[in-house]
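Hello,

Please have a look at it first, then read on for what turned up.

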Amino acid sequence: MEKKIKKLDGLEKVEIFVDKGMALLTFEDGRALDFDAIQKAIRKGGFTPKAIEATLTGTLIKNEGKLLLRVNGQAEGMPLLSGAALERLKVTAQEGERVTITGKVHSEKSEGHGRHSYVLVVQDVKPAKATK
């Protein structure tokens with residue numbers, strides 16, 4: 001599986017924890033993430049992809065009353081869903097603020113499309129560290 005994952009664009013580091021059934025992937029800053037490609041690489045490696053937990057740094061944007069996280073390299077923001085951490089964020093967040101969010105990535109099949117869109121179920125939010 002490691003060979004398949006290492007072929008992902010922008011992958012900086014990969015750690016495989018077979019005993020936990022988990023892989024830790026670190027991508028280059030500013031690189032768009034392709035969750036479909038990650039899941040495909042795991043399947044090609046002979047495994048079944050399960051939950052994706054992610055720590056993402058990006059800019060908060062608001063669209064039609066909803067909060068989204070725009071990660072560098074992404075054209076659109078990723079919708080943020082549920083939890084007490086999100087409710088606190090809705091109260092304190094400023095559009096354009098840079099934050100680091102940890103949560104679970106969920107796939108949502110788009111109507112009429114074979115593609116999946118993804119949402120991030122927020123578990124933790126922190127101010128983003130300043131970039132150099």
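Predicted model: local features only at pLDDT ≥ 70, side-chain atom pairs only at ≥ 80, totals over all residues.

Residues are numbered from 1 along each chain as its sequence is written, and side-chain values use heavy atoms, with hydrogens and water left out.

Let me start with the largest pocket, which holds about 1,500 Å³ of space. A pocket here is an open set of points on a 1 Å grid over the protein atoms alone, where a 1.4 Å probe fits, with protein on both sides within 12 Å along at least five of seven lines; lining residues have an atom within 4 Å of a point. Points are joined across faces, edges and corners, and the volume is the space filled by probe spheres set on them. The lining has 42 residues, and Leu24, Leu25, Glu53, Ala54 and Thr55 lie nearest the centre. Two or more lining residues come from each of strand E1 (11–17), strand E2 (22–27), helix H2 (35–44), strand E3 (52–63) and strand E6 (98–109). Helices (H or I, at least four residues) and strands (E, at least two) are DSSP runs, numbered from the N terminus. By type, the lining splits into 23 nonpolar, eleven polar and eight charged residues. Nonpolar covers Ala, Val, Leu, Ile, Met, Phe, Trp, Tyr, Cys and Pro, charged covers Asp, Glu, Lys and Arg, and the others, Gly among them, are polar.

Next, the largest nonpolar core has 29 residues, and Phe35, Leu56, Leu60, Leu69, Leu80, Leu89 and Ile101 have the most contacts inside it. Such a core is a set of buried Ala, Val, Leu, Ile, Met, Phe, Trp, Tyr and Cys residues joined through side-chain atoms within 4.5 Å; buried means under 20% relative accessible area, exposed over 50%, and partly exposed in between (1.4 Å probe, protein chains only). E1, H2, E3, strand E4 (66–71), strand E5 (78–81), H3, E6 and strand E7 (116–127) each give two or more residues to this core. Leu69 touches, among others, Leu56, Leu60, Leu80 and Ile101, not counting residues up to four places away in sequence; contact means heavy atoms within 4.5 Å.

In helix H2, Ile38 is buried at 9% relative accessible area. Beyond four places in sequence, Ile38 is in contact with Leu8, Leu25 and Phe27. Gln39, also in H2, counts as buried at 19% and, with the neighbours within four places left aside, is in contact with Pro49, Ile52 and Tyr118.

Helix H3 (residues 84–92) has Ala85, Leu86 and Leu89 buried. Those buried residues fall within an arc of 95° seen down the axis, so they line one face of the helix; the arc is that of the directions from the helix axis to the C-beta atoms. Ala84, Arg88 and Val91 are exposed on the other side. The C-alpha atoms of Ala84 and Val122, 38 residues apart along the chain, are separated by 8.4 Å.

Finally, do look at Glu64, in the loop between E3 and E4. Glu64 has a phi near 50°, a positive value in a residue other than glycine, and is exposed at 76%.

Best wishes
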